[in-house]
Amino acid sequence: MNLFFEESGDFKAGVMMSQAGEAYQVEMQSGKRTKVKVRDVLLQFAAPAPQELIVAAKGVCDEIDLDFLWEVAGEEEFGFADLAVEYFGKAPQPEQSAGLLFLLHSSPIYFYKKGKGRYKAAPETALKAAQAGIEKKKQQAIVQAQFVEQLKAQTLPESMRPLVRQLLFKPDKNSLEYKALEAACNELQTTAPRLMLACGGLESAKQLHFERFLFEQFPKGLAFPAFTIPAAPKLPVADVQAFSIDDVTTTEIDDAFSVTTLADGTVRIGIHIAAPALGIQRDDAIDAIARARMSTVYMPGDKITMLPDDLVQSFTLAEGKTCPAVSLYATLNPADWSVIKTETLAEAVPIAANLRHNTLDEFVTEENLAAGTGEYPHKADIALIWQWALVLEQGRMAKREGFGLRPEQNNRVDFNFYVDDDVVTISKRKRGAPLDKLVAELMIFANSTWGKLMNDSGVPGIYRAQGGGSGGWATKMAVRMVTHAAPHQGLGVDQYAWSTSPLRRYTDLVNQWQILACVEHGVMAPLAAPFKPRDADLFAIVSAFDAAYGAYNEFQSNMERYWCLRWLAQQASHRLDAVVLKDEILRLADLPLVIKLPGMQVLPRGTQVVLDLARWDEVDLSVEARLIEVVPTVVDDLGDEEVEENADEVNAEAEAESGIATDLVTIVDAAPLVDGIVPGDAQPLP
């Protein structure tokens with residue numbers, strides 16, 4: 001006797017050798033014996049042989065009209081043997097019954113399985129829906145195959161063009177387009193971004209990096225929602241002629257300065273900060289815009305502003321205008337440049353000039369300042385402010401050393417990026433130039449003074465604090481944002497509240513609201529300030545700003561690295577000097593590009609070498625190089641070892657406030673300085 005049975009969802013046949021209770025011992029064609037339970041046996045037959053039955057049954061299965069079989073089955077549940085009798089019109093042969101069972105089992109949209117050998121015909125509506133689904137999948141498979149062929153031929157299907165960003169950065173892996181893209185990438189042994197570049201879905205690697213950033217940080221696009229520009233506030237006009245000092249690319253001019261010699265011989269220096277807080281109110285439409293973005297995003301050759309351009313133009317400290325400002329006046333004794341008193345006012349400030357680094361740097365040098373030589377606008381005012389800036393720096397250094405830190409190092413080289421029609425120029429700039437230091441010292445003074453004002457008034461603000469933490473040096477010296485006054489040991493100040501870039505940084509706008517409350521309401525400021533003590537919303541702002549600012553800085557770092565690679569492509573020779581930073585890490589001498597050279601011989605820090613840059617990839621921002629020569633020269637522009645290793649960001653603070661683009665790639669990859677003030681329109685530091 002032979003048995004036809006079901007085992008593990010499959011149908012098999014074999015020779016019955018014996019029976020013991022509720023089980024048979026069956027020998028298969030291979031000679032292997034298996035135990036089959038009685039309930040799993042579907043047919044018993046003497047002929048044909050088991051293997052012949054399987055072959056014949058599959059032939060019968062192919063000949064049965066499936067649609068007619070579904071009609072014959074009716075609506076009630078049935079056994080396969082009963083349906084075989086009805087379909088064939090007589091007692092079926094074993095191969096006919098088995099063939100019909102094969103067909104029932106392989107047609108799940110026609111027949112629902114209800115048990116061993118038992119089925120029920122699918123309702124007509126369900127069957128038609130399933131058939132439509134199958135037909136749709138067939139058509140999709142055809143379209144998908146067409147997409148794959150187009151992609152392999154480096155042609156982007158039209159239906160995929162609107163989906164490029166989604167396919168690259170957050171794909172629906174069940175979509176037809178993604179499956180086609182994945183299949184084409186597998187066949188071509190490439191990646192989705194590279195294939196999109198080849199097919200024209202992306203114009204360049206620059207667009208790839210930019211689109212990824214927009215998709216993650218600006219999913220709704222860059223357009224600003226509708227808003228109404230607030231009316232200019234009525235303010236007393238200051239009796240000064242202020243001037244700003246910024247990079248040539250700066251459009252959001254936040255700060256300006258003025259100098260007045262008083263009748264008693266003292267000097268009054270004004271630090272004037274653009275005052276959007278006089279027009280923007282907490283929780284209004286413009287506040288919502290600023291809070292959604294948190295900061296202006298910087299990159300070489302472009303930026304994404306925190307505030308709409310029309311609003312910026314209403315408050316920027318533009319030459320020839322009288323602009324709303326929050327002014328910090330410091331009255332100084334010129335004998336020793338000590339501060340006699342400070343005063344904060346909300347007023348309209350006449351802006352006499354917007355000075356630019358590219359026209360001043362060659363004239364405003366330490367030598368010229370000391371000798372009084374050179375001709376440039378506001379020469380006397382700049383010389384006077386310079387003397388005070390040096391005293392401010394000395395005071396910070398004394399306090400910094402009191403915190404147990406080494407003096408600041410100003411022997412590093414920074415780099416400026418300028419992009420014109422996709423051609424990049426990268427130029428060196430010595431850190432700590434006079435104009436840099438002048439602007440930085442006055443901004444640090446203002447941020448510290450206003451931080452003290454808020455603290456003394458009992459008004460919370462957003463502060464930057466460094467030092468005093470637990471753990472190792474890096475943990476202890478990590479810069480953190482807090483809502484109460486705390487020392488910033490790296491800067492050498494007792495408190496430090498970002499307040500001087502309210503057009504470009506949301507934390508500064510918040511602090512400006514709080515500062516204005518202190519000025520206007522005095523002892524009642526804690527009750528009148530927009531943010532009250534222990535306001536949970538202030539903590540939420542700190543958290544959101546940290547997240548956004550970190551993402552923006554990472555993007556800026558990637559874009560600077562991209563433009564470094566573009567600079568390499570513009571050069572005729574790819575043999576370049578580099579300097580060893582640490583172990584296998586090197587930085588090129590002519591641009592802020594840090595690379596790793598695996599297997600490089602151990603060389604002292606600062607050793608100069610010559611590299612041959614074999615290839616670089618603008619998609620993954622990688623560089624391949626080989627060592628050509630070791631030059632017996634040690635460069636000294638790497639800064640102090642402790643500063644490099646222990647995240648001392650003081651130089652970054654000063655350089656950023658100067659309005660000059662900073663060596664962000666080097667800072668991020670080689671010397672992670674952890675704090676920074678946003679420059680004019682140059683690159684902010686993490």
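## Helix α3 and its packing

In this predicted model, the buried residues of helix α3 pack against β5 (41-45), α2 (66-73), β6 (78-79) and α4 (94-105), where helices (H or I, at least four residues) and strands (E, at least two) are DSSP runs numbered from the N terminus. Helix α3 itself covers residues 80-88, and Phe 80, Leu 83, Ala 84 and Tyr 87 are buried in it, buried being under 20% relative accessible area, exposed over 50% and partly exposed in between, with a 1.4 Å probe and protein chains only. Seen down the axis of α3, these buried residues fall within an arc of 105°, so they line one face of the helix; the arc is that of the directions from the helix axis to the C-beta atoms.

The face of α3 turned away from the buried side carries Asp 82 and Glu 86, which are exposed. After α3 comes Gly 89, which has a positive phi near 80°.

## Basis and confidence of the model

Residues are numbered from 1 along each chain as its sequence is written, and side-chain values use heavy atoms, with hydrogens and water left out. Since this is a predicted model, local features need pLDDT of at least 70 and side-chain atom pairs count only at pLDDT 80 or more, whereas totals for chains, interfaces and linings use all residues.

The mean pLDDT of the chain, pLDDT being the predictor's confidence in each residue from 0 to 100, is 87, and 91% of the residues reach 70 or more. Over residues 639-686, however, pLDDT stays under 50, and for these residues the model has 200 contacts beyond four places in sequence, a contact meaning heavy atoms within 4.5 Å.

Strand β1 (residues 2-7) pairs with strand β2 (residues 10-20) in the antiparallel sense over 6 bridges, two strands being paired if DSSP finds at least two bridges between them. Phe 4 stands opposite Ala 13 in β2, and in the hairpin of β1 and β2, with 2 residues between the strands, Ser 8 takes a positive phi near 55°.

Strand β2 also pairs in the antiparallel sense with strand β3 (residues 23-27), over 5 bridges, and Met 16 has Val 26 in β3 as its bridge partner. These two strands form a hairpin with 2 residues between them, and Gly 21 in the turn has a positive phi of about 65°.

## Aromatic pairs and charges over a ring

Rings of Phe, Tyr and Trp (its six-membered ring) pair if their centres lie within 6.5 Å, and planes under 30 degrees apart count as stacked, over 60 as edge-to-face and the rest as tilted; by this rule the count comes to 21 aromatic pairs. The rings of Phe 169 and Phe 215 have centres 5.7 Å apart and planes at 50°, so this pair is tilted. Phe 169 in helix α6 (residues 164-169) and Phe 215 in helix α9 (residues 205-217) are 46 residues apart, and the pair thus links distant parts of the chain. Phe 169 is buried, with a relative accessible area of 18%, whereas Phe 215 counts as partly exposed at 22% relative accessibility.

Ring pairs also link Phe 210, Phe 213, Phe 218, Tyr 552 and Phe 555 into a cluster. At Trp 498, the charged end of Arg 505 sits over the ring, 3.8 Å from its centre, and Arg 464 lies over the face of Trp 498 at 4.1 Å from the ring centre; a charge sits over a ring if NZ of Lys or CZ of Arg is within 6 Å of the ring centre and within 35 degrees of the ring normal.
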